Amino acid sequence: MQEKLKKSRQLYSEAEKVIPGGVNSPVRAFKSVGSTPVFIKRGQGALIEDVDGNTYLDYVGSWGPLVLGHRHPKVMEALHQCLEQGTSFGAPTELETELARIIVDALPAMDMVRLVNSGTEATMSAIRLARGYTGRDKIVKFEGCYHGHADFLLIKAGSGALTLGVPTSPGVPQSTAEHTITVPFNHLDILRKVFEETGQEIAAVIVEPVPGNMGVVPPLPGYLKGLRALTREYGAVLIIDEVMTGFRSAYGGAQVLFDIEPDLTCLGKIIGGGLPVGAYGGKREIMSQVAPSGPVYQAGTLSGNPLAVTAGIATLKILQEEGVYEELETKSAQLEKGLREAAGAAGLNLIFKRVGSMLCTFFTSDDVYDFETATRSNTEQYAHFFKLMLDKGVYLAPSQYEAAFMSLAHTKEHIERTIEAAYHSFAEVARLK
Ligand SMILES: N[C@H](C=O)CCC(=O)O
């Protein structure tokens with residue numbers, strides 16, 4: 001494999017001289033799998049090509065946004081047209097209202113939405129708003145959930161922070177961390193106890209409805225409804241972080257799938273169609289507290305950027321077409337079934353978790369339902385599996401604790417090829433066990 005990545009290795013050593021760790025986001029560094037990151041040159045549909053000319057079936061999809069695959073013709077066409085008008089104005093455009101309208105119409109619990117530039121900005125702003133609205137300081141987050149890298153959310157966090165073994169980062173002041181209460185996901189009894197003790201001080205509970213940053217951990221039946229009831233009882237704002245699941249788990253997001261009515265929702269990824277975007281929105285009563293209509297300040301020079309908004313609108317319009325989510329489900333179920341059979345054939349008893357087009361293979365035989373059980377997975381075996389799959393032309397997340405994302409561009413043949421590669425790779429992992 002190393003020979004096949006000659007140019008990537010050269011580029012990586014150049015990058016390391018001027019960019020910390022050679023990458024602009026830690027998960028890209030392939031650190032946990034002990035390998036050279038692949039430098040990508042282009043993508044088309046479900047495929048990406050690296051600088052050495054190798055092609056891969058892409059199940060990372062830019063970490064979730066590319067539900068249509070790379071360079072969807074309608075998104076590209078819309079972007080070309082938009083580019084002709086300019087790149088940024090720092091003034092309102094009609095496009096922003098169009099995207100806001102599409103989002104608000106898709107989410108029954110959302111009356112208003114503010115566009116920002118990333119998921120981190122969305123969650124950070126939603127927390128400030130919840131604090132401003134309730135006049136309380138404390139927030140509750142779940143172990144292994146990742147809501148971007150704002151100080152008060154980078155505590156027992158998942159994603160790259162977990163992969164690199166720094167779920168709580170140095171640099172987060174103790175005085176900030178002490179306002180964040182962390183509890184295990186899927187344990188309503190523990191959360192209830194926290195509310196009984198400090199419920200009147202809690203401004204918000206923030207949750208990924210399907211945690212996708214400690215692998216994929218589906219909520220237990222009734223759990224999200226229980227969260228809703230508890231937050232309502234104590235007057236805390238329920239923030240559903242749908243940066244990953246928004247317009248992926250269902251049109252709208254996981255809150256539509258699980259029929260949950262949050263007070264605030266955070267979005268990102270898919271609503272920008274592969275360009276940098278984020279959003280937070282919710283009930284009019286809360287959102288009208290945001291500046292300039294209210295006192296809670298939040299701003300952004302490039303917020304609602306025309307190109308990002310255009311790619312988002314084009315993407316969401318395609319997702320409105322009949323049968324799209326059924327197609328994603330069918331393809332994802334086919335992949336899950338094939339992977340299960342491949343692991344079984346190799347004599348590996350593994351745990352597969354999937355919600356719609358987000359799938360994760362845990363290298364453990366114990367059930368996974370929270371941070372503690374997710375981190376029982378054998379990450380060395382995952383690393384080995386990852387490298388074998390990469391060598392066979394399948395690009396998975398270089399971390400146990402991320403999802404594999406299915407796109408509409410993946411074909412039956414692509415999925416069969418992936419399963420075939422998995423048969424060989426699982427067998428190899430089993431041999432070295
Ligand atoms: N899991 C992260 C976001 O959803 C992966 C992307 C990143 O950190 O660069």
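**Exercise 1.** Describe how helix 3 and helix 11 pack in this model.

*Solution.* Start with the geometry: helix 3 (residues 94–106) and helix 11 (residues 306–319) pack at an angle of about 35°, and their axes are 9 Å apart. Axes here are lines fitted to C-alpha atoms over the stretch in contact, with angles running from 0 to 180 degrees between N-to-C directions. Helices (H or I, at least four residues) and strands (E, at least two) are DSSP runs, numbered from the N terminus.

Next, list the partners: Leu95, Glu96, Glu98, Leu99 and Ile102 of helix 3 meet Pro306, Val309, Thr310, Gly312, Ile313 and Leu316 of helix 11. Contact requires C-beta atoms, placed from the backbone, within 7 Å.

A word on the model: it is predicted, with local features needing pLDDT of at least 70 and side-chain atom pairs counting only at pLDDT 80 or more, while totals for chains, interfaces and linings use all residues. Residues are numbered from 1 along each chain as its sequence is written.

**Exercise 2.** Work out how domain 1 and domain 2 meet.

*Solution.* First, their C-alpha centres lie 25 Å apart. Finally, strand 12 gives the most to the domain 1 side, with four residues.

Conventions:
Contact = placed C-beta atoms within 7 Å. Domains from an automatic or database assignment.
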